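Q: I'm new to this one. Can you walk me through a part of it?
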Amino acid sequence: MNAQASVEAPRFQTRHLVSSFDNHAWNRGDLLLDERIPQAVITDLSARGHRIGTRSRWASGAAPVMVRILPDGIIEAGADPYGYRVAHAY
């Protein structure tokens, strides 16, 4: 994927690890999934024992941006429009 496609892709969050990116308790098997993740994937993860919650792409709690320098020196940038971000590279 290029930088823009990467930051726009559906994402997941886990609270399985203690204080992973924010201050929370240990929630074994807990997954928060982007609403765009296919239902078949959600069903499969649930059957494997994960406790699933879903979030809107507009309320994921993340707003990633990315800058990547390609082997030929071109700068590529991407920003999550669902987090109201923009990126410009030249």
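Predicted model: local features only at pLDDT ≥ 70, side-chain atom pairs only at ≥ 80, totals over all residues.

Q: Is β2 mostly covered or exposed?
A: Mostly covered: 5 of its 5 residues are buried.

Q: Which residues point which way from β2?
A: Asp30, Leu32 and Asp34 point one way, while Leu31 and Leu33 point the other way. Both sets are buried.

Q: How does strand β1 join β2, parallel or antiparallel?
A: Antiparallel, with 3 bridges between β1 (residues 12-14) and β2. Within that pairing, Thr14 stands opposite Leu31.

Q: And β3, parallel or antiparallel to β2?
A: β3 covers residues 51-55 and runs parallel to β2, joined by 5 bridges. Leu32 has Gly53 of β3 as its bridge partner.

Q: What unit do β2, helix α2 and β3 make?
A: A right-handed β-α-β unit, in which α2 is residues 39-47.

Q: Changing topic. Where is Asp80 found?
A: Asp80 lies in the segment after β5, the strand at 75-79.

Q: Buried or exposed?
A: Asp80 counts as buried because its relative accessible area is 0%, and the cut-off for buried is under 20%.

Q: What does the side chain of Asp80 make a polar contact with?
A: The side chain of Arg11, at 2.9 Å.

Note on methods. Residues numbered from 1 in each chain as written. Heavy atoms only, no water. Buried < 20%, exposed > 50% of the residue type's maximum accessible area, 1.4 Å probe, protein only. Helix = DSSP H or I, 4+ residues; strand = E, 2+ residues; numbered from the N terminus. Pairing = 2+ DSSP bridges. Right-handed = clockwise from strand over helix to strand, strands pointing away. Polar contact = N/O pair within 3.5 Å; in protein donor to acceptor, adjacent residues only side chain to side chain.
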